[in-house]
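Trainee: I've got a model open on my screen and would like to learn how to read it. Can we walk through a few features together?

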Amino acid sequence: MIWLLIAAGGGLGAIARYGVIEWMKHKEQPFFIATFLVNSVGSLLMGMALHLGAEQATLSSFFTIGFLGAFTTFSTFAFDVVKLIEERDYRAMLLYPVLTLFVGIVFVTLGWQIFS
């Protein structure tokens, strides 16, 4: 039963990520901004969910493993860095990974602290 909830959460998370990517394209933002946005928001939500969902394993699995697992993405982040290298955008290639890691850690911490 739990795997169905994880699959449903994953489907919703993937659709949500696609929506953000399309929205950023419409706003004519650089390609990596959408990935940065979903990973940052996902980090905040992960901190909140892990804090709140400690007693609710089923709901937590739906949201953390399913939804957030599909919403956030490390592979796209890594590919974005490779594309920045190919485009010779060395400033963004250096800042993007550092900011992603820093903001991710800060947002998970912030999400956790919100409900402490």
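This is a predicted model: local features need pLDDT of at least 70, side-chain atom pairs count only at pLDDT 80 or more; totals for chains, interfaces and linings use all residues.

Trainee: Where does Arg-88 lie, and what is its phi?

Mentor: Here's the general idea: most residues other than glycine have a negative phi. Arg-88 has a positive phi of about 60° although it isn't a glycine. You'll find Arg-88 in the loop between helix 4 (74–86) and helix 5 (90–114).

Trainee: And what about Glu-28, is that residue buried or exposed?

Mentor: Exposed: the relative accessible area of Glu-28 is 70%. Glu-28 also has a positive phi of about 60°, again without being a glycine, and sits in the loop between helix 1 (2–26) and helix 2 (31–52).

Trainee: Why is Ser-61 called buried?

Mentor: Because Ser-61 has a relative accessible area of 12%, and buried means under 20%. Ser-61 belongs to helix 3 (residues 57–71). Leaving out residues up to four places away in sequence, Ser-61 touches Ile-2, Ile-6 and Gly-66.

Trainee: How do helix 2 and helix 4 pack?

Mentor: In general, two packed helices are described by the angle between their axes and the distance between the axes. Helix 2 and helix 4 pack at about 150°, with axes 10 Å apart, so helix 2 is roughly antiparallel to helix 4. Their crossing is left-handed.

Trainee: Which residues meet there?

Mentor: From helix 2, Phe-31, Phe-32, Thr-35 and Asn-39; from helix 4, Thr-76, Phe-77, Asp-80, Lys-83 and Leu-84. By class, that contact has 4 nonpolar, 3 polar and 2 charged residues.

Note on methods. Residues are numbered from 1 along each chain as its sequence is written. Side-chain values use heavy atoms; hydrogens and water are left out. Helices (H or I, at least four residues) and strands (E, at least two) are DSSP runs, numbered from the N terminus. Buried means under 20% relative accessible area, exposed over 50%, partly exposed in between (1.4 Å probe, protein chains only). Contact means heavy atoms within 4.5 Å. Axes are lines fitted to C-alpha atoms, for helices over the stretch in contact, and angles run from 0 to 180 degrees between N-to-C directions. Angles under 35 degrees count as roughly parallel, over 145 as roughly antiparallel, 65 to 115 as roughly perpendicular and the rest as oblique. A crossing is left-handed if the near helix is turned anticlockwise from the far one by less than a right angle, and right-handed if clockwise. Ala, Val, Leu, Ile, Met, Phe, Trp, Tyr, Cys and Pro count as nonpolar, Asp, Glu, Lys and Arg as charged, and the others, Gly among them, as polar.
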